Amino acid sequence: MTIERDILITEVALRDGSHAIAHQYTVEHVTQVAQALGEAGVPYIEVSHGDGLGGSTLQYGLSHTDEMKLIEAAVSVSGDSKIAVLVLPGIGTVSELKQAVSLGVKMARIGTHVTEADVSAQHLYKAKELGLETVGFLMMSHMASIDKLVEQAKLMESYGADAVYMFDSAGALLPNQVRERIRALRANVGIDVGFHGHNNLSLAMANTLAAIEEGAQRIDGSIRCLGAGAGNTQTEVLVAVLEQLGIKTGIDLYKIMDVAENVIAPILQVPQEITRDNLVLGYAGVYSSFLLHARRAAQHFGIDSRDILIELGRRKVVGGQEDMIIDVAAELAGARGI
Amino acid sequence: MSKVKVAVLGSGNIGTDLMYKLQRSDVLEMTTMIGIDPSSEGLARAAKLGYKTIDSGIQGFLEQSELADIVFDATSAKSHIRHAKALRNAGKIAMDLTPAAIGALVVPSVNLQEHLDQDNVNLITCGGQATIPIVHAIGRVCPVEYAEIVATISSLSAGPGTRANIDEFTETTARGIENIGGAKKGKAIIILNPAEPPILMRDTVYALVDQERMDEEAIRRSIGDTVSYIQSYVPGYRLRSEPLFDGNKVTVFLEVEGAGDYLPKYSGNLDIMTASAVKVAEEIARHRLMQVVSKGVSNQ
């Protein structure tokens, strides 16, 4: 039986959500979540450390459980849903991707900073060779011009990506900005275009709808907003909204609401909401996964976490530069004689 | 003192920067720039400085190989595989700045003395040259269970070779952290930052050490000694702050500003490669000259 889907949704809670719980997923969590998502008919489920394969580090936070064990668990229960992994070149390698493929992963998502697409060529080519469906994505897309974004998306297309995503990793884009970017991407690339938002400015849903109106075919969501910062477009809400719009996702609304309520809510130590720090991530244009690191640094150095985040935004720090958080915090504390 | 003759193979940015550094050496004598593109800027600059230029690549050099005893290879990993063989057959010493890693991996502050007789030495990676010495400096005080390094470089200073095979950087650097730095397990991360004006190279080293043998003062001193040594050949190499200690974790923040010989100052990542290569070649040259001198003495 083929399920009709107008929009392909990828659930990222088991990857992006890893940031929100300091990478503490267990095999039990992942088994429960992946099985429930599979039963709800979610087509793709991303499972990896928050920073992708190989992300378990002192820089980004050590995983509670080896991600390969989590991937294996997800594959074993996800039924018709395909398991995807994230690879950020410079952090994860082809050799880790191969390991994930041997465990049954079907999709590779290869991400780079919005101006650095050429470092993904190696990984996209290899992923294709391994028989995977491939997605290239451009992170922190608010930091580049539309022309640059299009140029980089075309590079990913030329490396054989089946789809290219625009990631609003900082949750900084406004709906009109998403609209013009997705429009330009759709006009210039032949492959599917996707959108991945963050809710730091409470705009993830509005941005997602703008992207869909401009022709985006793939959307990332995180159930119960279980993603970095204030989370992503809330999957179960998106399913409901799209149903009202007559857009088919192939996901069972009642079942996905139950997953959120019964499986995800108990995993969250605190509900995902737009806290002061989350708001500042979006406002300053800072990578959403910096949140917990900035809070810890603020506490350690006795300064306001907002000051750290604003300064990081001012310095145009990109995703992955978590070491800058301590550096900036120490500098700010020093300047104030703390 | 007499000098050892050297040639630079590869007339791109790295090769050209090497040429300027070699001009200052008191033990190496730059004689020849070898390229494959007659119109390359590197060859033109070399000719202007009065060096012999060859635009037919390694083959052209082999026809007049008396021009140099040491050859710096600043081409690509793929080309170096071929070059390494040809140079070895011709009895030349190869300083490999590509990621080919055929010969001994050398970090001057750690293992240079062990490799003075090698005919092919490899400089690992820029991130490796900047961070492996720090891992080693910590490890000689207390054993390092795990070391992780994060190298952040400006996008402009990441060449096409690095971009096409970024796994080679992370994997080779991680291996160097283990085999040369002495960490039981190593991990390397590289980040490209496109900010304008371009950022200086930054490196962060995290090390988890044996808690029982943690000695903050000794580690601080050991790192200080290593930094001073590296500054003798990379003047822009410095600590951004005092090392941080947190339980058994040591965190070291570094910054590398280039000398600006040919490459711009922000590309400290490239500068530390060319400066390290010159440093290694100088030590090998001194070692050779000493052998010649002592042989001469014993013959009398």
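Predicted model: local features only at pLDDT ≥ 70, side-chain atom pairs only at ≥ 80, totals over all residues.
Before you click: local features need pLDDT of at least 70 and side-chain atom pairs count only at pLDDT 80 or more, while totals for chains, interfaces and linings use all residues. Residues are numbered from 1 along each chain as its sequence is written, chains are lettered from A in the order in which they are written, and side-chain values use heavy atoms, with hydrogens and water left out.

**Stop 1: the interface**

Colour chain A and chain B separately and select where they touch. The contact (heavy atoms within 4.5 Å) takes 31 residues from chain A and 29 residues from chain B. Together the chains bury about 2400 Å², 52% of it on carbon and sulfur atoms; buried area is the accessible area (1.4 Å probe) lost on putting two parts together, summed over both.

Now look for polar pairs. The rule finds 20 residue pairs in polar contact across this interface, both residues at pLDDT 80 or more. A polar contact is a pair of N or O atoms within 3.5 Å; within protein, one must be able to donate a hydrogen and the other to accept it, and residues adjacent in sequence count only if both atoms are side-chain atoms.

Stay on chain B's side and select strand 9 (185–193). Strand 9 of chain B gives the most to the side that touches chain A, with seven residues.

**Stop 2: charges across the gap**

How many salt bridges does the rule find across the interface of chain B and chain A? There are five, each a side-chain nitrogen of Lys or Arg within 4 Å of a carboxyl oxygen of Asp or Glu. Select D327(A) and R240(B) for one of these pairs: the closest N and O atoms are 2.8 Å apart.

Next, pick R238(B) and E255(B), a salt bridge with closest N and O atoms 3.0 Å apart. R238(B) sits in strand 11 (residues 237–239) and E255(B) in strand 13 of chain B, so the pair ties together parts 17 residues apart in sequence. R238(B) is partly exposed at 29% relative accessibility, whereas E255(B) is buried at 12% (buried is under 20% relative accessible area, exposed over 50%, partly exposed in between; 1.4 Å probe, protein chains only).

Then widen the selection: salt bridges with shared partners join ten names into one network, among them E311(A), R315(A), D327(A), R238(B), R240(B) and E255(B).

**Stop 3: salt bridges inside chain A**

Zoom to E151(A) and K148(A), which meet in a salt bridge at 3.1 Å, N to O. They are three residues apart in helix 6 (residues 146–158), about one helical turn.

For a pair linking distant parts of the chain, select E214(A), in the loop between helix 8 (204–213) and strand 8 (218–221), and R179(A), in helix 7 (residues 175–188), 35 residues apart. Their closest N and O atoms are 3.3 Å apart.

**Stop 4: rings**

Show Y287(A) and F290(A). Their ring centres are 5.8 Å apart with planes at 75°, so the pair is edge-to-face. Rings of Phe, Tyr and Trp (its six-membered ring) pair if their centres lie within 6.5 Å; planes under 30 degrees apart count as stacked, over 60 as edge-to-face and the rest as tilted. F290(A) is buried, at 0% relative accessibility.

**Last stop: D16(A)**

D16(A) lies in helix 1 (residues 16–20) of chain A and is buried, at 2% relative accessibility. Leaving aside neighbours within four places in sequence, contacts of D16(A) include H196(A), H198(A) and N232(A).

Key. Helix = DSSP H or I, 4+ residues; strand = E, 2+ residues; numbered from the N terminus.
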